[in-house]
Amino acid sequence: MRFTLRIWRQKNAQAPGHFETYEVDGISPDASFLEMLDVLNERLIKEGKDPVAFDHDCREGICGSCGLFINGRAHGPLPNITTCRLYMRHFEDGSTITVEPFRAKPFPVIKDLVVDRSALDRIIQKGGYISVNAGSAPDANAIPIPKPVADRAFDYATCIGCGACVAACKNASAMLFTAAKVAHLALLPQGQPERRQRVRRMVQQMDAEGFGHCSNTGACAVECPAKIPLTAIAQLQREFIRAHLTPDPYLR
Amino acid sequence: MEAVSPSATSWLHTSVGRKVVMAATGIFLMSFLVVHLAGNLLLLRSDGGAAFNAYAEFMSTNPLIRVLEILLFLGFVLHIYQGLYFIFRERAARPIRYSLNRAEANTNIFSRTMRLSAIVVLVFLIVHLRHFFVEHRLLGSPYTMYELCVAAFENPYYSAFYVLSMVFLAFHLAHGFYSSFQTLGLILNRRIERAVRWAGAAFAFVIPLGFAIIPLYFLLRTL
Amino acid sequence: MAETLTIPAPVRTADLSWREGEPILNNRCPSGDLEKRWTRHKDSLRLVAPHNKRKLEIVVVGAGLAGASAAATLGELGYRVKVFVYHNSPRRAHSIAAQGGINAAKNYRNDGDSIWRLFYDTIKGGDFRARESNVYRLAEVSVQIIDHCVAQGVPFAREYGGYLDTRSFGGAQLMRTFYARGQTGQQLLLGAYAALQRQVELGNAQVFYNHEVLDIVVEDGRARGIIVRNLITGELHRVAAHAVVLATGGYGNAYYLSTNAKMSNATAIWRAYKRGAYFGNPSFVQIHPTCIPQSGEYQSKLTLMSESLRNDGRVWVPRTPGDKRHPNDIPESERWYYLEEWYPSYGNLVPRDIASRAAKKVCDMGYGVGPTGRAVYLDFSDAIRRLGREVIYQRYGNLFEMYEEITGESPWETPMRIYPAVHYTMGGLWVDYNLMTNIEGLYAIGEANFSDHGANRLGASALMQGLADGYFILPYTIGDYLATQLFVKLSTDTSAFAQAEKETRARITKLLDIQGKYTVDEFHRNLGKILWDYCGLARNASGLRQAYEQIRVLRERFWKEVKVPGTGAEFNQVLEKALRVADFLELGELMIIDAYHREESCGCHLREEYQTEEGEPLRNDKDYAYVAAWEWRGENEPPALHKEPLTFEFVKPTIRSYK
């Protein structure tokens, strides 16, 4: 297969970026999108040119490193998939493919298609955990959790932190990311003591990072490789309302 | 986790809090639409406008309604203010836009056109208020409310504008209805989501249609 | 197209040489009753008072299961922790990709599990090439890990009563594996990551993103810090610490094609080796039986399909070699369930090394399937019939989807095709019972150490070991050393730091100056092929000699002909890769030497010369019941071999039989 690639090139965070066009040929339909970029880069290196920088690591869709905005969609034309699990057989032979970095103010470009997503970690730092020290836990079966609840918590806990929700959202909102963690912990008995603080602090940080607001368009859930459902956002909203607008029963 | 002690209104300044305001005012405004439509349908009674005028008289003099009217006005202002704020915030959150963005692949047309539909509905609201509210209540028009309505609706331009605006209102409601319930944290599973989406579609279809029938009725009567 | 790089087979091969070093007699393992060793040892360790902990700096390199759990726990204890990761977030380490589960001797199933049984299964699974004391301790703390992870909110699978579910796994006849669908590693890592983020918020830990360790600084035999490169700006930094913990994972990527993440590398442990740390059992590499077979040259990595699939999937090949019929058209009587036939008591659940070798064996015999003939079927049709689609979906839904995405075939309709791939390295830095290398103050945890798995790791034991090291072992043992470091004033302004920085800078400059004509990946692919062919599933002396020679040539050519574009003072992913491959090339030689020297078969290490008549590995306990700890003795000098004898007081090494 052959493709014309229109790729965003940007030397570093300060430099202005621009699109450059490359041709690639002889690509197997079973190659992944990243392997196609590998082929391009091998050639660029041999030609003495600067290869295209892009993030990647596990290449099996779980580490959340890769993230390209391909033909107008986060992680490319298929829903609920990472870039590394996107195969060239899903593109039309001979077509032009536009590749851009994930764009959001809190995701500054580092180089070419690589962006800094540490803002997501800072949201987690504000409360995406249960404060328990190693060694202080009771027996694991001391806290029975109904299977449906555990299953739902799991659905929310599978977020891979790739940032596709932000990239796909017209407002560059990190709601699905934040909501997934809030919802995961809010459902579990272990998460109860810090429930109110968690949602307050995480939302506050989400805003401080400069992410946009959520307008419930649902684009995030369509692109989310972990298939986090929109009900996570409803759960966050509920947690938020409860934390701010109802009296805290535990306060003196 | 260290406790943050928020002031009573700090939540209003968070993006999620603003969203809650948007949703709460949205639901309030939707409930107003229902009441408004119920009243308007009196126009269709063939009693020469007696029922409608009585209703208009009640609405403009009853003290409880007057209080609600102020609330309604506040609701509109807040809803519009938050909307404007979100536009500003959205710009700030993505200073460099995508060169190619296929939003149609992951969103529906109603949510993508919220801003456009908001602007049209806002323009409609201003014209609408000027025509009826300002004319009748502030300028003390000599005509009855019924007469004002009939005059307006028999004007094909005004009616066309009215009907078109209702289409945009339908768009706005098609996303707004679902969105409000989502924002209030009520859609916790797929079953509820399906129900709310269905109800939202019905609401967005029925209410604007109900409004649009009235000018069409008067317009067709002139033919 | 430019010519491609190939390394021809050498005409003559030299004999491999190494020097016999002093045996290792003190591994700090306690003696006495096995059950009381760890407890007694803990009680004898020196302590550091809380106010002093605040004065002690610990560098942790890597934030996978071991690194993140150690950093979080050390932070909880009050130490000052600095974590360095080359990823753009500490949540991306390759532990995240572990699918199947984590073992623990909880005996919630009431199926007769115990710490002893987990210990025994692990040591037997490792073919009696691990320390009794370490493995027993691992089994002992396994119980606490599950408790802690549940308290953290890790959503393990549960039964309808609300209690934890478990499943069986290769190498065990009990159901002791806890799991979170097919994403156990992810859920456990996110738990450790979240705990670390909590320490960041509390100010006890700092995480440096996009920083890769390029050297370990050793002063007077003690680890004093690291040299790191900021991958975004290219700057080198000196970081001093009272202790350095390496949690940088394994080196399976030496084989180029592996199930490891693309950035996983050996640089930190290799640099530690070159600063004097011993490297234990470098040739012990686990080849995982259930991976998606390679489909083309361009392929950048192999994808693992969780071993848990063997719980319900049945492995088979057609009884007729070269049978090209569609698998669904082959009647039951013409299917050869070779694992069930050869190993009736464990069947499809034999340990990984055995399953992998069996797959190679049937493919070598010509029974392989698929376009390349290097694959076997893993069939779920029986299980789907027996349990129903719903149950199978619950257990393996995401794995089925993943398989279908990659291959375009649905496991619901056709059997999966699988083939073994490099997956895990049992070898790694040699450590004592305290997880300290022979360099004082330098620790290695998780897959980075030579570990508790002997010559073969059982499924669901990697997560257990990583978290055991990080949450419950290192935090105790490191205090014993740090108690002696209270009054050490840290400085990066020393000759050792200057020297290490200078050498690192020189290495980078040298790579950039070569400007040859081959890419880094070309060298890497060649290295991988050599290692896979001669130091993979089966090894023999002449092949190893040839491989050694080829790698030596490859390494020489690398330093003359590699092309690294750009500069060192910028974000340069090719340079990062070149530095890693340079180290893999050296490590590859050591792996070959280790595989060559061990004239026996054990676990993953099958020397073709040493097999039983049935083709099972033939261990030689008389001569090789030891850990091979290798010492670097300078460029172009043969390494020294230090033997740490393995004594078995509580279990009797037997011929490992899964028949």
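## A tour of two interfaces

Begin with chain C and select domain 2 together with domain 3: the area buried between these two domains is about 810 Å², and carbon and sulfur atoms give 60% of it. Buried area is the accessible area (1.4 Å probe) that two parts lose on being put together, summed over both. This is a predicted model, in which local features need pLDDT of at least 70 and side-chain atom pairs count only at pLDDT 80 or more, while totals for chains, interfaces and linings use all residues. Residues are numbered from 1 along each chain as its sequence is written, chains are lettered from A and ligands numbered from 1 in the order in which they are written, and side-chain values use heavy atoms, with hydrogens and water left out.

**First stop: domains 2 and 3 of chain C**

For the selection, domain 2 of chain C is 288–422 and domain 3 is 502–624; such bounds come from an automatic or database domain assignment. The centres of the two domains, taken over C-alpha atoms, are separated by 29 Å. Eleven residues of domain 2 of chain C are in contact (heavy atoms within 4.5 Å) with ten residues of domain 3 of chain C.

Next, display C:Asp353, C:Arg357 and C:Lys360. In domain 2 of chain C, these three lose the most area to domain 3, together 50% of what that side buries. Across this interface, the rule finds zero salt bridges, a salt bridge being a side-chain nitrogen of Lys or Arg within 4 Å of a carboxyl oxygen of Asp or Glu.

Then colour helix H10 (352–364) and strand E17 (416–425) of chain C, the elements that give two or more residues to the side of domain 2 that touches domain 3. Helices (H or I, at least four residues) and strands (E, at least two) are DSSP runs, numbered from the N terminus. H10(C) gives the most to this side, with five residues.

**Second stop: chains A and B**

Now select chain B and chain A, where 46 residues of chain B are in contact with 61 residues of chain A. Chain B and chain A bury about 4300 Å² between them, 56% of it on carbon and sulfur atoms.

How many salt bridges does the rule find across the interface of chain B and chain A? There are two. To view a salt bridge here, select B:Glu90 and A:Lys170, whose closest N and O atoms are 3.8 Å apart.

Finally, colour helices H1 (15–40), H3 (63–93), H7 (156–183) and H8 (190–222) of chain B; these are the elements that give two or more residues to the side of chain B that touches chain A.
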